[in-house]
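Trainee: Before I use this model, I would like to go through the labels attached to it and check each one against its criterion.
Mentor: Then ask about them one at a time.

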Amino acid sequence: MRKYVFYMLFTTLCCFACKRHSGLDENNRGSEAFAFVLRDRIEDFISYVDSISPYKNKNEFFYVFFEEENDKMFVGTDFFYRKNKIKGYAFVNGRLVVYNGNDSDRKQYLVDTTKLIQFVDTIPGFWSDDTDIHMDYEVLRREFVIHGKDSLTLTNLGY
């Protein structure tokens, strides 16, 4: 009898562990494309945006792009993704993060584009730049200077 109870308990625990793991994967699909330091900054920014917003707008998403000038990287919010700029996307903590590319000729170690979800034509549930929606909105943005693959410094907070 003890053997039977042990096997039932073990099987139940395994089932719950598998179910929990699959839910995590769905909320973080493609997020392994971001280096730890970048993912940490994205998660902090998501928490900040959620803390100042009284409600989550279902069409709001986050973006990441690199700029040539002084090895800068930007993380921000937006409501419309630009089809001609998007290089791929991922989900971090259930929130959409769009990668808009690297305008720099320097190699970036912060995003592994092969692990991103590839953009084909649309991202279901989110607006693109060809959506005919008229609304007033603000976007938030963070600017970082890249010191290496494990080091980013926040240099600008803004809209």
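Trainee: What makes β1 and β5 a pair, and in which sense do they run?
Mentor: Four bridges join β1 to β5, and the two run parallel. Two strands pair if DSSP finds at least two bridges between them, so with four bridges β1 and β5 count as paired. Tyr-63 stands opposite Val-98 in β5.

Trainee: How many bridges does β1 share with β2?
Mentor: Seven, in the antiparallel sense. Phe-61 has Asp-78 of β2 opposite.

Trainee: Where do the numbers and names come from?
Mentor: This is a predicted model, in which local features need pLDDT of at least 70 and side-chain atom pairs count only at pLDDT 80 or more, while totals for chains, interfaces and linings use all residues. Residues are numbered from 1 along each chain as its sequence is written, and side-chain values use heavy atoms, with hydrogens and water left out. Helices (H or I, at least four residues) and strands (E, at least two) are DSSP runs numbered from the N terminus. By that rule the chain has two helices and eight strands, in the order α-α-β-β-β-β-β-β-β-β.

Trainee: Why is β1 called largely enclosed by the rest of the structure?
Mentor: Because six of its seven residues are buried. Buried means under 20% relative accessible area, exposed over 50%, and partly exposed in between (1.4 Å probe, protein chains only). Across the chain, buried residues make up 38% of the 159 residues.

Trainee: Why is Asn-93 called partly exposed?
Mentor: Asn-93 has 42% relative accessibility, which falls between 20% and 50%, so the middle class applies. Asn-93 sits in the loop between β4 and β5, and its phi is near 55°, a positive value in a residue other than glycine. Most residues other than glycine have a negative phi.

Trainee: What makes a set of residues a nonpolar core?
Mentor: The members are buried Ala, Val, Leu, Ile, Met, Phe, Trp, Tyr and Cys residues joined through side-chain atoms within 4.5 Å. The largest such core has 25 residues, and Phe-34, Leu-38 and Ile-42 are among those with the most contacts inside it. The largest share of this core, six residues, comes from α2. A second, separate core of 14 residues includes Phe-61, Phe-65, Ile-86 and Phe-91.

Trainee: What does Leu-38 touch?
Mentor: Not counting residues up to four places away in sequence, Leu-38 touches Val-64, Met-73, Val-75, Leu-110, Val-111 and Leu-152.

Trainee: How do you know what counts as a pocket?
Mentor: On a 1 Å grid over the protein atoms alone, a pocket is an open set of points where a 1.4 Å probe fits, with protein on both sides within 12 Å along at least five of seven lines; lining residues have an atom within 4 Å of a point. The second largest pocket holds about 220 Å³, a volume being the space filled by probe spheres set on the points. Of its 15 lining residues, the closest to its centre include Tyr-63 and Phe-65. β1 gives the most to this lining, with four residues.

Definitions and conventions. Contact = heavy atoms within 4.5 Å.
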